[in-house]
Amino acid sequence: MMLIYNTLTRKKEEFKTIEPNKVKMYVCGPTVYNYIHIGNARSSISFDTVRRYLEYRGYEVDYISNFTDVDDKIIRTAKEEGISTKELADKYIEAFKEDTGRLNVKPACFHPRVIDHIEDIILFVTDLIDKGYAYESNGDVYYRARKFKNYGHLSNKSIDELEVGASQRTGAEQAQKEDPLDFALWKNAKTGEVSWPSPWGEGRPGWHIECSVMATKHLGNTIDIHGGGQDLEFPHHENEIAQSEAKTGQAFANYWMHNAYLTVGDSGEKMSKSLGNFVTAHDLMQQVSPEVIRFALASTHYRRPMPFNKTVLEEAEINLNKIKNAYEKASFRLDSAEEYILSDADDIEVLEALQADFIKGMDDDFNTANGITVVYALVKWLNTYLEQPKVSLPVTATAQTMLVEWMGIFGIELIVEPELLEHDIEVLIEERTKARKKRDFRKSDEIRDILLERGILLKDTPQGTRWSRN
């Protein structure tokens, strides 16, 4: 039985999907105005590991993760750099794909962008107004938070507690709200800002409405898992629930998962851009192997705050090398392995017990710390087994396959695929170009992601698409 810790109920629950053997999963993606820092990378890696384990257990996972490409930070940064908001967003979407690609994060099945969903957002907001959950005020549209009876449930906050915090806010926006708790669904555009026409005048979406629209549009009114960083629990995810359930009348997500922070320094301070105590994944990968970073982040349970320092990375590298050495020894012994030896039945029984232990550990809320303990136990057993004068082909191959599959869940590929030939790359690029001309951006993104998985970086220029090997 697989258990998931549900933030909504503050307890572990048996995992039951809406559709048999299929998981609808939405994970909040980055706001694309800069390179992601390593704390952001932890969220991507944590949920990629969850996805990989679900697939290992036989589920088909429809994994959606958005790009927020309309935002105050994007508008401000684009102005500072003297480029359009779309140019800035395009730049950092590519940077995100390159950085997470190097960390072996599987691309989402689809990466929706806000600018492609403006019409959907306007229709969604209009529906909330019609239902009495939202109202227009001087070109802005606000959600009546107090009208949603379960507001504050996800973050375990009472209305009274939230009211005290909201009452301390000041400014012109607060003055035009019916209630300090209300939050923006649509923002009236300031002079020179990117904007779109709407029934309430020129404007742009509020932050929270974006994910409600994209999640329900691409996965349906109710999804199995909604994930994101702990910092999104309130207000972002709280507001998503209020918006989505007010519109549809159905539960928005059955399981809410949140990964914990990375911490820095002796005080255990949270890593964040606002505190200025971060390092970007892009910069760190110039100094440390992406594989080591991935292994360090993936092998710690996602709900556990994780200190991130040089010692953690050094230990990860040592342990990763031990695992690789065991894999290589097994590969070497396979060439001379026997078809059968007397101890085969007992040895297979040992491997089956380890398999059961691994699944038991990972089934408990994707506890990768327990899972990696079983990986180390397999490595220790395999090293001892391979010291024998004679080894069995089925036993050695089974142990090696287990090691490959388990490490694949952690995002470590022990079997390296051969490089794509130039001809194959050019064929895929041509298919992508045709898809873009037809405005089939989902297919275009899929082809780009396939190439990125194989270490091929694309750069679109006025003269055509150029590529390079990573």
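Predicted model: local features only at pLDDT ≥ 70, side-chain atom pairs only at ≥ 80, totals over all residues.

User: Let's start with α15 and α16. At what angle do their axes cross?

Analyst: Helix α15 covers residues 422–437 and helix α16 covers residues 441–453; their axes cross at roughly 160° and come within 8 Å. Angles over 145 degrees count as roughly antiparallel, so α15 is roughly antiparallel to α16.

User: Which residues make that contact, and what is the handedness of the crossing?

Analyst: α15 passes α16 in a left-handed crossing. On the α15 side, the contact uses Ile425, Leu428, Ile429, Glu431, Arg432, Ala435 and Arg436, while α16 brings in Phe441, Lys443, Ser444, Ile447, Arg448 and Leu451. Sorted by type, the residues of this contact are seven nonpolar, one polar and five charged.

User: And how do α1 and α10 lie, roughly parallel or roughly perpendicular?

Analyst: Again, go to the angle. The axes of α1 (residues 38–56) and α10 (residues 290–298) cross at roughly 70° and come within 9 Å. The range for roughly perpendicular is 65 to 115 degrees, so α1 and α10 are roughly perpendicular to each other.

User: Who meets whom there?

Analyst: From α1 you have Ile38, Ala41, Arg42, Ile45, Asp48, Thr49 and Arg52, and they meet Ile293, Arg294, Leu297 and Ala298 in α10. That contact divides into six nonpolar residues, one polar and four charged.

User: Now the annotated site. Which residues does the UniProt "binding site" annotation cover?

Analyst: According to the unreviewed UniProt entry, the "binding site" annotation covers Cys28, Cys211, His236 and Glu240.

User: Take cysteine 28: is it buried or exposed?

Analyst: For this, look at the relative accessible area: under 20% means buried. Cysteine 28 has 11%, so it is buried. Its place is in the loop between β3 (22–27) and α1. Leaving out residues up to four places away in sequence, cysteine 28 touches Ser65, Asn66, Cys211, His226, Gly227, Leu232, His236, His237 and Glu240.

User: Where is cysteine 211, and what does it touch?

Analyst: Cysteine 211 is in helix α7 (residues 207–219). With 1% relative accessibility, cysteine 211 counts as buried. Not counting residues up to four places away in sequence, cysteine 211 touches Tyr26, Cys28, Asn66, His236 and Glu240.

Notes. Residues numbered from 1 in each chain as written. Heavy atoms only, no water. Axes fitted to C-alpha atoms, helices over the stretch in contact; angles between N-to-C directions. Helix = DSSP H or I, 4+ residues; strand = E, 2+ residues; numbered from the N terminus. Parallel < 35°, antiparallel > 145°, perpendicular 65-115°, else oblique. Left-handed = near helix turned anticlockwise from the far one by under 90°. Contact = heavy atoms within 4.5 Å. Nonpolar A, V, L, I, M, F, W, Y, C, P; charged D, E, K, R; others polar. UniProt positions renumbered as here; feature names shortened; annotations may be inferred. Buried < 20%, exposed > 50% of the residue type's maximum accessible area, 1.4 Å probe, protein only.
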